[in-house]
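My notes follow in the order I checked things.

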Amino acid sequence: MNKYVIQNKKDLVFFDKKIVKKIKQMALKNQKKRARICIHKSLKNKTNEMIIALNKKSFIAPHIHPNNKSESYFVIEGKMNVYVFDKLGKVKKIVEMGPYNSGKNFFYRMSKGFYHMPIALTEWCIYHEVYSGPFVKNVDVKYPRWAPSEKKNNEKINFLKKIGHI
């Protein structure tokens with residue numbers, strides 16, 4: 001089990017601000033600078049829901065999900081951009097997101113596979129993600145050849161410069 005993931009085991013769940021504080025603290029200890037609570041009880045569930053703490057220093061490589069899967073984000077706190085790419089890695093769309101009262105898009109959903117990448121713009125972006133389950137990592141997440149490795153800092157920096165993020 002990943003020590004930066006809290007796995008729900010209850011049939012009835014509800015959260016207050018304490019869970020956000022907890023996952024932020026977990027993310028700070030994670031080299032990847034992110035953490036989550038899985039609200040679903042199993043990866044085998046038809047719906048997978050998470051609350052994710054994404055730090056500004058975190059990098060999630062561009063990836064795609066199968067066409068029969070959907071994914072949505074609802075921003076709770078902070079701001080992020082979701083970059084959407086074509087097959088060759090060219091930016092097709094930047095979805096600027098923030099909480100409802102920010103005036104930005106607070107909700108995003110893709111109903112088929114698009115290469116995409118969320119990036120926190122503020123110190124923290126806390127968001128609720130819903131994904132069509134069941135989830136099998138090596139089937140549900142594919143990285144294109146043009147995506148930089150999450151482990152290679154120079155590749156990440158060069159890629160972020162190329163897409164105009166930095």
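I started with the open sheet, which three strands form in the order E6-E5-E8. The pairing in this sheet is antiparallel. I noted the edge strands next: E6, residues 91-97, and E8, residues 115-120, each pair on one side only. I also looked up the angle between neighbouring strands of this sheet, and on average they are turned by 20° against each other, with direction ignored. The model is a predicted one, and I read these entries as such.

I then took the pair E5 and E8. Strand E5 covers residues 80-85, and with E8 it forms an antiparallel pairing over six bridges.

Next I went to the whole chain. I count three helices and nine strands in the protein chain. Read from the N terminus, the order of elements is β-α-β-β-β-β-β-β-β-β-α-α. I checked the radius of gyration: the value is 15 Å, close to the 15 Å from the globule rule for 166 residues, so the chain is as compact as a globular protein of that length. Along its principal axes, the C-alpha trace spans about 45 × 35 × 30 Å.

Last, I looked up contacts and surface. Of the contacts with a separation of 6 or more, 70% are between residues 24 or more positions apart. I find 45% of the 166 residues buried, with buried meaning under 20% relative accessible area. The protein chain exposes about 10,200 Å², and carbon and sulfur atoms supply 54% of that area.

Methods: Residues are numbered from 1 along each chain as its sequence is written. This is a predicted model: local features need pLDDT of at least 70, side-chain atom pairs count only at pLDDT 80 or more; totals for chains, interfaces and linings use all residues. Side-chain values use heavy atoms; hydrogens and water are left out. Two strands pair if DSSP finds at least two bridges between them. Helices (H or I, at least four residues) and strands (E, at least two) are DSSP runs, numbered from the N terminus. Axes are lines fitted to C-alpha atoms, for helices over the stretch in contact, and angles run from 0 to 180 degrees between N-to-C directions. The radius of gyration is taken over C-alpha atoms; the globule rule is 2.2 Å times the number of residues to the power 0.38. Buried means under 20% relative accessible area, exposed over 50%, partly exposed in between (1.4 Å probe, protein chains only). Contact means heavy atoms within 4.5 Å. Accessible areas come from the Shrake-Rupley method with a 1.4 Å probe; for residues, only the protein chains shown count as cover.
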